[in-house]
Amino acid sequence: MKVPSPGESITEVEIATWLVEDGDYVEKDQAIAEVDSDKATLELPAEESGIITLKAEEGDAVEVGAVVCHIDTSAAKPAGDAAPAKEEKKEAPKKEEQPAATKTTYASGTASPAAKKILDEKGVSPGAVKGTGRDGRITKDDAVKASPSMGTPTSGGARGSERKKLSMLRRKVAERLVSVKNETAMLTTFNEVNMQPIFDLRKEFKEDFKSKHGVSLGFMSFFTKAVVRALQMYPEVNSMIDGDFKVSYDFQDISIAVSGPKGLMVPVIRNAENLSFRGVESEVKRLAIRARDGEITIDEMTGGTFTITNGGVFGSMLSTPIINPPQSAILGMHNIVNRPMAVDGQVVIQPIMYVALSYDHRIIDGRESVGFLVAIKEALENPVEILMDNNPKKALEM
């Protein structure tokens, strides 16, 4: 089997995790590995049924089109669910089979032959090295990074550590975030939003909304609708820099930061300006499920014109979100806390959220950035009038 191309411009992937063992019997279309590119993590399905021989280790970077495993399609499926024993595999007919030593399932703390040679030269005991390979096996890379001082007795409590290579996706994200800090004139402006009007609307309509549409009436639809309106009022925020040019868009593709098994992912709600409250909530739910299940595609995470991130779900009170390149701005939502507020000359306890807008000052001036955030605040504090045209039942399609 060769590595398929995950997408245009991607020439290399990294073996993140083998989902099968060397010598296992695999079924056609069974997921046998997870591979990382610099844009997404994808599953690699078996092209045929048979006994598999792995040709790459976890953490290896392999070019698109390179052979990563062999599948012996002539091998019979073993009786029952158990995979054939490794000894039985060695007695079976072989074609281009790896030496038996590389096919052994190593116990935790055991070094591969190449790693053992390096450790012996350094005078390092295998027991002092934390293996990152399958089943705790010490790989050649682990041995190269091992220090002669490893295993030196220490006094006091535990002093364990772990060295683990970042995934290709995480390394690319890190590279992009650092480039944003270095290449943009990023600035953040803040405001606060009284969420009581939205609380009142959700309390009145959320049960009927969910029973009719099958999705919850959350905060994201209100924020997305408010952002779309503000982007239309301040088109500079919906623009990007391309060399010496400014590229502006007459549509609003809103990127939504969601937490997935491989970390933060940012799928895109296409043409959010055309979606109703139900449409936004349905799309957010669909994308969140696909991200959670590892099914999100590269196309679904590219092309946004503005990003919304919600650190409040993790308890964040305030933050300065980093722009999602090549976009020019990002809105940060935070947790909602009951705070004393002055309302009509009286001190009243209200649910307040702090919001933050980070923007690229090269293309967005203070007037646009502050005005944009104030427009969002106005829409969220007056949702019936501004976002629902004074008819919440119609806006929610009740």
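Predicted model: local features only at pLDDT ≥ 70, side-chain atom pairs only at ≥ 80, totals over all residues.
Trainee: Where do I start with helix α3? Which of its residues are buried?

Mentor: Helix α3 spans residues 113-122, and its buried residues are Ala-115, Ile-118 and Leu-119. They cover an arc of only 100° around the axis, so they sit on the same side of α3.

Trainee: Which residues are exposed on the other side of α3?

Mentor: Lys-117 and Glu-121 are exposed there.

Trainee: What covers the buried residues of α3?

Mentor: The cover includes α4, residues 140-145.

Trainee: What follows α3?

Mentor: Gly-123 does, and its phi is positive, near 75°.

Trainee: Now the rings. How is an aromatic pair described?

Mentor: By two quantities: the distance of the ring centres and the angle of the planes. A search of the whole structure finds four aromatic pairs. Take Phe-306 and Phe-372 as one of them. Their ring centres are 5.4 Å apart and their planes meet at 50°, so this pair is tilted. The tilted class lies between stacked, under 30 degrees, and edge-to-face, over 60.

Trainee: Where do Phe-306 and Phe-372 lie?

Mentor: Phe-306 is in strand β15, residues 306-310, and Phe-372 is in helix α9, residues 366-381. The pair therefore ties together parts that are 66 residues apart in sequence.

Trainee: Are Phe-306 and Phe-372 buried or exposed?

Mentor: Both are buried.

Trainee: Which residue lies over the face of Phe-219?

Mentor: Arg-202 does, at 4.5 Å from the ring centre.

Trainee: Which residues is Thr-307 in contact with, leaving aside neighbours within four places in sequence?

Mentor: Ser-255, Val-266, Asn-324, Gln-327, Ala-329, Ile-330 and Leu-331.

Trainee: Last, sheets. How do strands of a sheet pair?

Mentor: Through backbone hydrogen bonds, either parallel or antiparallel. Here, an open sheet of three strands has the order β2-β5-β7, and its pairing is antiparallel.

Trainee: Which are the edge strands?

Mentor: β2 (25-26) and β7 (69-72), each of which pairs on one side only.

Trainee: How many bridges join β5 to β7?

Mentor: Four, with β5 covering residues 50-54 and the two strands running antiparallel.

Technical notes
Residues numbered from 1 in each chain as written. Heavy atoms only, no water. Buried < 20%, exposed > 50% of the residue type's maximum accessible area, 1.4 Å probe, protein only. Arc of directions from axis to C-beta. Contact = heavy atoms within 4.5 Å. Phe/Tyr/Trp six-rings, centres within 6.5 Å; stacked < 30°, edge-to-face > 60°. Lys NZ or Arg CZ within 6 Å of the ring centre and 35° of its normal. Pairing = 2+ DSSP bridges.
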